[in-house]
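Here are my notes for a colleague who is opening this structure for the first time. Please read them with the model on screen.

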Amino acid sequence: MSFLIPRKTSRRSVLRAMFNGGAVTLALPFLDAMLDGNGTALADTGKPLPVRFGTWYWGMGHTPGHAIKEKAQTAAGIEFLEETKALKPFADQLNFFSGFNMPLDGRSNYTHFTGWVGSRTGAVPQKEGEIAAPTLDLLIADQIGPNTRFRTIDASSVGISRENYSARSTESRAQAEISPVGLYNRLFGPEFVDPNADTFTPDPNIMLEKSVLSAFTEQSRGYIKTLGAADKQRMDQYFTSIRQLENQMALLLQKPEPNEACIRPERPNMEDAERSAQGREMPNVIETHEIMANLMAMAVACNQTRVFNMVFTDNFANVRKKGETYTHHLLTHSELIDPNLGYQPLAFWFNERCSEAFATFLGALAGIKEGAGTLLDNCLVFASSETAYAKLHTVDGIPIYLAGKAGGRMKTGVHVVGGGDPITRVGFTAMKIMDVPIRGWGAKSLQTSKPLTEIMV
Amino acid sequence: MSRLFPVNFPPFRLVLVAAVAVCASANSAFAAEAGTQTLGFVIRDWFTSVYNSKFLDECPEGLATSNDELWWRGLSKEARAKATNNGLLQQLTRMPVAMRRGPNGENVCLNPTSVVDPPMRVIEGKYSFGANLDGESEGDATAKSCAHDNFVHPDGTPGVDNQLYRLVGCVYGWRKGGLPDLNAHEGRGTSGLGMTLIEITGVTDPRNSDNVTITFYRSVDQFAFDGTGKPLPYSSYNIDMENGQPRYSDTLKGAIKDGVLTTERGDVRLPFYGNYHFMHPVIKDMGLRMEISPDGATASGQITGYYNMDAFLHYVGGMVGHTSTADDCPAMYVAAHELADGYPDPETGQCTHLSSAFDVKAYAAFVIHPDKQTASADQR
Amino acid sequence: MRKSIFHMIAAVAAAISLSACDGPREPEATGGPPAMRRLSNDQYRNIIADVFGPQITVAGQADSLKRSEGMLAVGAQTAEITPSGFEKFYGMAKSIAAQVVSESNRAVTFPCEPKDAVGADDACARTFFAGAGRLLYRRPLAQDELTLAVETARRAAESSGDFYRGVAVSLANMLVAPQFLFITDEVEPDPAAAGLVRLTGFAKAARLSFFLWNTTPDDALLRAAESGDLHTQKGVSAQVERMMASHRLEAGVRAFFEDFLHFEQFETLEKDTIIYPAFTVKVVEDSKEQLLRTVVSLLLDRKQDYREIFTTRDTFVTGSLARVYRVPTSRPSGEAWVPYRFPDNDPRAGIITQIGFAAVASHPGRSSPTLRGRAIRENLLCQKVPDPPGDVDFSLFESADALKKTARERLTIHRTAPACAGCHKITDPIGLGLENLDGLGQLRTTENEAVIDPSGDLDGVEFSNAADLGKALHDNPAATSCVVGRLASYALGRSSNEERNYVQYLEESFASDGYRFPDLMRRIATGDALFAVTPAPTQLVSAQSSTPEMERSP
């Protein structure tokens with residue numbers, strides 16, 4: 001870490017200047033924090049760009065037979081049908097996975113819940129609401145996330161903050177940001193440090209806050225006694241959460257490397273925020289999503305986070321067309337199949353919008369130039385839903401996409417056919433691509449140790 | 001302090017009056033007195049009823065000449081140069097200037113007799129909405145009307161009296177969608193001024209009742225609108241009171257047949273607000289006919305009767321925005337006197353009222369009779 | 001507010017009945033392990049308002065608690081604080097601390113003035129933290145806690161040249177400390193039983209205040225804890241009587257019913273405004289408040305029988321609500337609440353016919369007999385309705401066609417298809433009793449022009465319409481045992497399911513007290529079970545292994 005040395009002196013002198021030497025005792029703790037390696041510098045020019053991981057969620061899956069043309073076996077070339085036609089421009093930048101199953105091992109299919117939990121945690125819930133294992137994004141964040149301001153960024157355009165498909169456990173489920181303005185403030189508010197600014201002055205308030213937080217935290221540890229094992233674990237989570245905030249603060253005290261791709265975006269106006277709060281009508285959701293997608297993409301480009309989770313519509317697809325009494329979810333169950341079309345036309349309308357939104361999301365990442373390519377090239381986006389066929393709550397064959405080139409670590413343009421293999425093979429592959437040091441993943445019949453090498457470089 | 005209602009739960013007296021509408025068939029919960037119900041409505045839309053043909057047949061010479069045109073025609077070359085700042089100024093601020101074309105600079109809308117303008121173009125068509133107010137279909141004078149041409153209703157009914165339409169029907173601003181009525185409508189909506197409540201008592205069946213009483217009140221509460229700007233039905237409106245009595249409360253007898261309310265005729269004083277004018281003209285021989293929607297939430301129809309000419313001319317004369325309306329007040333003043341067809345002055349024989357018709361739309365409402373004794377709002 | 005003679009007689013009568021009659025006796029308390037409960041959003045707000053004054057705005061929301069065994073209060077004992085959750089608490093804390101020290105608030109928030117506002121003043125800081133800290137941590141600060149707060153304030157004041165800024169820095173950190181955010185059951189050896197533990201007086205004070213007031217213990221209660229009074233029955237009773245006579249009891253009752261009636265569902269309550277033009281954000285807010293006013297007026301102000309919440313025709317409306325209910329009001333605009341009594345022959349009576357129930361348990365554009373039936377079963381009767389099976393064959397519904405005009409006709413398949421009937425026959429028949437209320441709770445007699453039949457039966461008791469269904473609920477024993485069990489869980493902070501004897505005792509007491517809700521609260525507050533605690537389990541609670549198999553790092 002010798003490259004830190006020159007900065008070490010300069011920072012110390014900054015601190016001296018700031019506290020006039022009189023506050024040395026106070027200043028030392030932040031110095032420790034600043035230098036303990038929490039803040040690995042961003043990639044210098046010439047160093048490989050970091051690979052980022054994101055998830056994208058939509059409710060209600062695809063309309064079988066009308067979304068992606070079925071294939072008998074894995075082969076290059078994905079045939080986008082009517083429902084997914086919006087994704088055609090990204091045909092060579094993503095993979096589609098079909099035919100991967102989710103054996104329930106005798107457990108119930110908690111409708112619209114089991115599907116996402118199983119595919120993202122590898123563990124099918126034993127009871128309603130149970131999330132027995134962490135979602136893959138957090139396992140990846142543990143690997144690549146600690147050195148950014150935020151370990152993950154979670155947002156939802158459907159306006160239900162608790163419906164976020166990222167969780168460490170049943171009890172520890174982060175809530176998604178649902179307001180574009182709220183998301184902006186969190187990412188690009190006053191605490192955002194523009195990497196391209198000419199000057200950098202560590203904020204003395206943050207220095208102070210960080211050192212005080214650490215001191216109080218240390219003291220608090222002594223005051224939480226007589227805890228059972230479960231409560232001890234909750235306290236560990238609490239202290240981990242504080243540690244993460246401290247890390248964020250530490251990063252804010254370092255001058256970020258200049259980063260051409262990073263341009264602080266405009267603040268979305270209040271009307272957008274109002275609208276997102278106003279209702280889950282599809283046009284609103286689409287608009288909110290687009291704003292959030294762009295903010296999120298820029299946050300990734302600006303190295304505010306390396307892991308991001310976007311929920312377009314929730315697992316109960318609480319979205320409507322104005323004037324329709326049924327939500328997308330209710331339509332999938334109640335609407336008649338049009339015998340000429342072969343599908344439920346209104347539900348299909350929503351499904352099409354979902355594919356369009358995914359294209360919008362990928363477009364936001366692909367719209368940012370990075371190195372010789374785009375930000376999308378340096379990302380791996382795991383997009384999934386909770387059912388294969390919402391009408392029947394099918395969890396076998398849940399559609400998943402892996403998009404982006406993962407910095408050249410993933411081959412794309414492939415339709416991967418699972419042939420009934422556990423769906424965890426997809427998530428496991430994603431984790432292997434992201435260098436998560438695991439040998440296997442998943443519980444019971446979802447256990448797998450076989451990555452899909454056909455798409456790995 | 002914060003506790004709500006201590007012991008005696010105060011009986012709520014407002015059930016006296018209630019809309020019935022959707023709930024009607026469900027229960028007779030809202031019975032006012034033995035066996036009868038009360039319906040309430042608030043009038044939202046009030047538009048002068050005008051018949052506009054597709055090709056302007058009713059105004060064969062074209063629309064009435066506007067005040068601006070007359071003003072411009074009357075300007076000397078020098079005055080035109082001055083008004084345009086020697087041609088540099090193309091956007092003329094005509095409105096206040098154009099009105100001051102009396103011989104001594106009088107505002108001709110406030111002093112309509114200060115100049116004599118060419119006669120105003122009025123309706124020459126055959127058709128009009130409205131009603132036969134004088135019981136006469138040939139155009140002859142009666143005890144309460146002056147001789148005038150009658151219209152035929154678009155549905156073929158002869159004998160329609162609507163001299164207000166004849167007067168304003170060829171004026172640009174008074175045609176359908178014109179400014180004065182729309183602006184007044186908007187103003188009533190946002191200000192809550194000039195709101196008329198209709199209470200129908202003695203209703204035995206909301207779709208068919210032979211003998212009902214219709215009372216017209218003024219509301220002191222504003223409209224409650226939905227997200228699209230339409231009034232929400234079943235809102236409550238308190239009656240405007242003065243010394244313990246309703247300020248407006250004229251009544252008419254009537255009947256409901258197959259959901260259509262038709263009143264007998266009588267003189268009714270109504271509150272009016274529009275274009276920054278408050279008026280409370282008595283509409284003579286006023287009748288109301290309105291069709292109540294099957295769910296009872298709305299009602300639309302027409303108010304017909306003799307409208308006080310002076311009140312109308314005063315309203316028009318005091319309006320601003322004549323540029324957009326294209327009124328010519330002096331000519332309208334003359335024409336109104338020629339066309340007035342109701343209530344001749346016993347001395348001069350000059351009729352004082354214009355037969356008229358107004359399209360109204362009303363929304364189901366609770367007409368609240370305030371009672372100080374039971375006003376018991378908890379202000380927590 | 002005048003206290004009515006009725007109130008006093010009732011209070012005296014209640015006191016007599018408690019002391020004089022034999023009545024049911026509380027069984028020996030089982031107790032639970034010491035627990036650690038995360039503050040709820042409402043508790044957090046109440047504490048800030050009570051400690052620093054209502055002028056302090058709490059900007060933002062912490063993560064919401066997760067419902068467990070029917071109650072958020074039970075979920076509080078397992079709630080964790082995630083990184084983003086902590087960030088929210090930290091943001092709230094900084095904003096609150098800045099307001100507390102702001103110039104405009106100092107007069108009410110500071111007991112002293114610094115000698116010099118541009119530098120440190122340990123004495124004043126110490127006074128401030130000793131006072132505020134005792135209320136925030138629900139016990140006096142330990143010496144090192146106080147020292148850290150004061151020293152930090154001093155250093156921050158010195159570096160910023162602002163005494164108040166220094167205090168704010170320390171205060172913000174106290175507001176994110178686990179001592180504040182977690183209500184922890186601190187225990188001490190029980191002098192009366194060797195080898196066993198009891199709650200400390202301060203932990204008891206917290207139990208009482210969060211149960212009865214939903215806020216932190218006030219000074220008098222903390223003094224009772226300090227003096228040891230809370231270890232005596234007499235001392236507890238005196239505090240409970242004092243607390244029950246306080247206006248704050250209403251906050252406690254409201255908090256329980258917000259939890260019991262699943263108020264978090266209002267956060268996502270949404271209606272299609274084309275279908276329901278009368279629906280506005282204000283309707284959502286007012287319908288919550290209406291439920292609470294109805295309940296508080298009935299149970300607390302008028303001290304009526306709890307079961308009347310299902311039958312009462314007395315309620316309160318604002319103009320916005322009156323438009324949805326289509327009833328008259330003398331105050332159609334503004335915020336005013338006006339009492340309203342539904343006429344005797346109106347099918348609407350009791351809380352299940354209020355918007356806050358009928359609209360919440362509905363879809364955005366239509367009513368739902370299934371959701372309503374389920375809400376009645378699960379929330380009001382504490383009966384578990386199984387989730388739908390994952391493999392429902394929805395093709396059965398495709399026969400649903402335009403000829404089926406009412407929900408009853410459309411749902412026939414629910415009750416006849418064997419796969420569905422098992423559950424739907426316990427939800428739909430009662431939900432159909434509310435079909436005279438559309439998806440927003442507006443009264444209707446027809447659907448698609450067909451007359452609605454709202455009759456049915458609840459566990460064998462026939463009803464003819466919604467008001468009648470309320471009567472059936474009034475008489476259903478599950479309705480009272482449900483609220484008793486939930487109130488016990490709420491007070492104890494853990495599920496009362498395992499404490500069958502205790503709940504049964506409370507049920508019997510409730511009945512013998514004429515189902516007076518405040519009496520039930522008093523029974524719990526003065527009983528042994530509230531403070532009973534078992535030693536903490538030392539064994540590891542074996543959680544399902546959830547971490548992936550890790551490779552040995554190279």
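1. Start with chain A. Its secondary structure comes to 12 helices and 10 strands. The model is a predicted one. Chain A has 457 residues, and buried residues make up 61% of them. Now take the contacts in chain A between residues at least 6 apart in sequence. Of these, 73% join residues at least 24 apart.

2. Two cysteines of chain A deserve a look. A:Cys379 counts as buried, at 0% relative accessibility. Its closest cysteine sulfur belongs to A:Cys302 and is 13 Å away, too far for a bond. A:Cys354 is buried as well, with a relative accessible area of 2%.

3. Next, the disulfides. A disulfide is a covalent bond between the sulfur atoms of two cysteines. How many are there over all chains? The count comes to 6. In chain B they follow the pattern 1-4, 2-5, 3-6, with bonded cysteines counted along the chain. In chain C, counted in that way, the pattern is 1-2, 3-4.

4. One disulfide of chain B joins B:Cys109 to B:Cys329, with an S to S distance of 1.9 Å. B:Cys109 sits in the loop between helix H3 (94–99) and helix H4 (163–168) of chain B, and B:Cys329 in helix H8 (residues 329–339) of chain B, so the bond ties together parts that are 220 residues apart in sequence. Which hand does the disulfide have? The torsion about the S-S bond of B:Cys109 and B:Cys329 is about 75°, so the disulfide is right-handed. B:Cys109 counts as buried at 5% relative accessibility. B:Cys329 also counts as buried, at 5%.

5. Another pair in chain B is B:Cys146 and B:Cys351, whose sulfur atoms are 1.9 Å apart in a disulfide. This pair links distant parts of the chain, 205 residues apart. B:Cys146 is in the loop between H3 and H4 of chain B, while B:Cys351 is in strand S16 (residues 351–368) of chain B. The link of B:Cys146 and B:Cys351 is right-handed, with 105° about the S-S bond. Both B:Cys146 and B:Cys351 are buried.

6. In chain C, C:Cys382 and C:Cys482 form a disulfide with their sulfur atoms 2.0 Å apart. C:Cys382 lies in the loop between helix H17 (369–380) and helix H18 (407–410) of chain C, and C:Cys482 in helix H22 (residues 477–492) of chain C, so this pair ties together parts 100 residues apart in sequence. The torsion about the S-S bond of C:Cys382 and C:Cys482 is about 70°, so this disulfide is right-handed. Are the two ends buried or exposed? C:Cys382 is partly exposed, with a relative accessible area of 30%. C:Cys482 counts as buried, at 1% relative accessibility.

7. Now helix packing in chain C. Two packed helices are described by the angle between their axes and the distance between the axes. The axes of helix H7 (residues 143–160) and helix H8 (residues 163–174) of chain C come within 7 Å and cross at roughly 140°. That angle makes H7(C) oblique to H8(C). The crossing of H7(C) and H8(C) is right-handed. Residues of H7(C) in the contact include C:Leu148, C:Ala149 and C:Ala153. They meet a set in H8(C), among them C:Phe163, C:Val167 and C:Met174. The residues of the contact of H7(C) with H8(C) divide into 9 nonpolar, 4 polar and 1 charged.

8. A second pair is helix H10 (residues 201–212) and helix H11 (residues 219–227) of chain C. Their axes are 8 Å apart and the angle is about 150°. H10(C) and H11(C) are therefore roughly antiparallel, as angles over 145 degrees count as such. H10(C) passes H11(C) in a right-handed crossing. H10(C) brings C:Gly201, C:Phe202, C:Ala205, C:Leu208 and C:Ser209 to the contact, and H11(C) brings C:Leu221, C:Leu222, C:Ala225 and C:Glu226. By class, the contact of H10(C) with H11(C) has 6 nonpolar, 2 polar and 1 charged residues.

9. Last, helix H24 (residues 517–526) of chain C. Here 10 of the 10 residues are buried, so H24(C) is largely enclosed by the rest of the structure. Among the buried residues are C:Phe517, C:Asp519, C:Arg522 and C:Arg523.

Terms used:
Residues numbered from 1 in each chain as written. Chains lettered and ligands numbered in written order. Predicted model: local features only at pLDDT ≥ 70, side-chain atom pairs only at ≥ 80, totals over all residues. Heavy atoms only, no water. Buried < 20%, exposed > 50% of the residue type's maximum accessible area, 1.4 Å probe, protein only. Helix = DSSP H or I, 4+ residues; strand = E, 2+ residues; numbered from the N terminus. Disulfide = S-S within 2.5 Å. Axes fitted to C-alpha atoms, helices over the stretch in contact; angles between N-to-C directions. Parallel < 35°, antiparallel > 145°, perpendicular 65-115°, else oblique. Left-handed = near helix turned anticlockwise from the far one by under 90°. Contact = heavy atoms within 4.5 Å. Nonpolar A, V, L, I, M, F, W, Y, C, P; charged D, E, K, R; others polar.
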